[in-house]
2 protein chains.
Amino acid sequence: MPTSRRKSAPARAPVKSGSPAVTTALQRSPWRASRERLRDRQIKREAVIRAAAHAFNHKGYHNTSLDDIAAALEVSKPTVYYYVTNKEQLLFECFVAGIEPIRTAFRKARKLKANGRERLKAVLGHYGQAVASEFGWCMVRAEDQDLSPSMSAHIKSLKSEIDQGIRRLLREGMQDGSIHPCDPKMTAFALAGALNWIAHWYRENQSMTGAEIAAAFIAVFENGLSPRALAEAGRRSGGAPTA
Amino acid sequence: MPTSRRKSAPARAPVKSGSPAVTTALQRSPWRASRERLRDRQIKREAVIRAAAHAFNHKGYHNTSLDDIAAALEVSKPTVYYYVTNKEQLLFECFVAGIEPIRTAFRKARKLKANGRERLKAVLGHYGQAVASEFGWCMVRAEDQDLSPSMSAHIKSLKSEIDQGIRRLLREGMQDGSIHPCDPKMTAFALAGALNWIAHWYRENQSMTGAEIAAAFIAVFENGLSPRALAEAGRRSGGAPTA
DNA sequence: CCTGTATCATACTCGCCGGTAGCCATCCTA
DNA sequence: TAGGATGGCTACCGGCGAGTATGATACAGG
């Protein structure tokens, strides 16, 4: 009976995590071949997403057809559809792949033993690198209007998580005296905006690496435009300034 | 002979300039009626562009059809095409309308009698307001990929003009001692990026006006994250800090 | 009243592109 | 070696949307 066979496609796994615990145990199982095929499938799936990110980077989401992506992979369009359900999901996966390193940066910063400003700097450094990565464009430019309500909500919540994380670090830094008093909301917007915008002017084969750009930006944020006394400008670790 | 009649459409005038010197003289010309029609045409044309900007704001460029814009104006699609040649030009005009106030801000700042930081602040204030304006989204999001090479080049040059203007003000401020030493290129990117990003989260009917947002951002840039000595934080006009 | 021009609508063309139907090859498993 | 699962292809559909052909109306000038 020729009913739909395509339903049997295995559910998606998180795009970027490198096969967490599945391949470690049961090395000589009789299903080894099947497991290897599954792993192959993940590799191919990631290649599809990577190709999509690359195409979106260069031509934009709407100017990229799935035929383009298929051609870049030297396969046909239905093959792409074998790995993802639709174009929208491609954008979504690229977004997630881009934002994931930022989330882990927050987790790592949390267990860092330093003042708020240093922790914030650590996060912003990873943030900048993520924006300059191959998924940066997709992460930054994924728009509500191009996504279904459910995915849009998902993305919104992830973005909000990042935003709240920055605000929290700002507040903590202000409490421990390592950050100049400011409005956390506006400051977080300014910081994230400056870093997000990297995706607009940064394309591969640039002279600076993502890390270098992030470092340069952080220096700007840290010092501000107004001139500082020399002693203060050279200071590294912050305590309460005068109080 | 039914050849193309549409060629007779009058050439476009700069979108936003308010009928510069045409209506001042020759008030009783016999072509008064014809001149009035021309003025009407300009008004309608601007309405079309404004409607396009509004639609692009809400749904994005690619998700907006010219039927949408026509419907918003309660006219039909050919009417829209009577005032603009194609969709691309609509985006371009929106971009120009958005960026023009920034250019005038630079011109005004140039004849301002103040140090570099103050002049930069004045420009950034107008910059922020422009980004938060009805054309802000179009100005910020107009992408090369959606435009023909010639228009893309035009937009690129306008953007570059703004960028170079910011860098120049930074250098001037560093020379007169009102701005902390920094890399002008990276700092300009950071400033412009933060302000550009306003277009992503700012939608009308927000609690803050564009001017308020710009002021808040400028305060962030000016102070920086590192804490400042109280005397320094309160300082207003800058001279050389300690040298 | 006649003619040209400005303005706008109805009703189309047409290409692109997201997504699918159906078929074929291969390979693992029993 | 049969038979199912897996992975891939060619060929198509359907709709959306940019842009247009054609003609109707309004009005100005002679």
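Tutor: Helices (H or I, at least four residues) and strands (E, at least two) are DSSP runs, numbered from the N terminus. A:Ala211 is found in one such helix, H10 (residues 210–223) of chain A. This is a predicted model, in which local features need pLDDT of at least 70 and side-chain atom pairs count only at pLDDT 80 or more, while totals for chains, interfaces and linings use all residues. Residues are numbered from 1 along each chain as its sequence is written, chains are lettered from A and ligands numbered from 1 in the order in which they are written, and side-chain values use heavy atoms, with hydrogens and water left out.

Student: Why is A:Ala211 called partly exposed?

Tutor: Buried means under 20% relative accessible area, exposed over 50%, and partly exposed in between (1.4 Å probe, protein chains only). A:Ala211 has a relative accessible area of 37%, and is therefore partly exposed.

Student: What makes A:Gln175 exposed?

Tutor: The relative accessible area of A:Gln175 is 71%, so this residue counts as exposed. A:Gln175 lies in helix H7 (residues 149–175) of chain A. Its C-alpha is separated by 9.6 Å from that of A:Asn115, 60 residues away along the chain.

Student: How do you know that the span of helix H5 of chain A is close to the expected one?

Tutor: The expected span of a helix is 1.5 Å times one less than its number of residues. Helix H5 (residues 116–131) has 16 residues and reaches 22 Å from its first C-alpha to its last, close to the expected 22 Å.

Student: What makes H5(A) mostly covered?

Tutor: Twelve of the 16 residues of H5(A) are buried, among them A:Leu120, A:Val123 and A:Tyr127. The buried residues pack against H4, H6, H7, H8, H9 and H10 of chain A, where contact means heavy atoms within 4.5 Å.

Student: Which contact is found at the start of H5(A)?

Tutor: A side-chain oxygen of A:Asn115 reaches to within 3.1 Å of the backbone nitrogen of A:Arg117.

Student: Why is the pair A:Arg50 and A:Glu134 called a salt bridge?

Tutor: A salt bridge is a side-chain nitrogen of Lys or Arg within 4 Å of a carboxyl oxygen of Asp or Glu. The closest N and O atoms of A:Arg50 and A:Glu134 are 2.6 Å apart. This pair links distant parts of the chain, with A:Arg50 in helix H1 (residues 32–59) and A:Glu134 in the loop between H5 and H6, 84 residues apart. A:Arg50 has 29% relative accessibility and so counts as partly exposed; A:Glu134, at 30%, is likewise partly exposed.

Student: How do you know that the two copies are related as by a two-fold rotation axis?

Tutor: Copies are superposed by least squares on the C-alpha atoms of residues with pLDDT of at least 70 in both. Chain B can be laid on chain A with an RMSD of 0.1 Å by a turn of 180° and a shift of 0.0 Å along the axis. The two copies are therefore related as by a two-fold rotation axis. The same surface serves both copies, since 98% of the contact residues of chain B recur in chain A.

Technical notes:
Polar contact = N/O pair within 3.5 Å; in protein donor to acceptor, adjacent residues only side chain to side chain.
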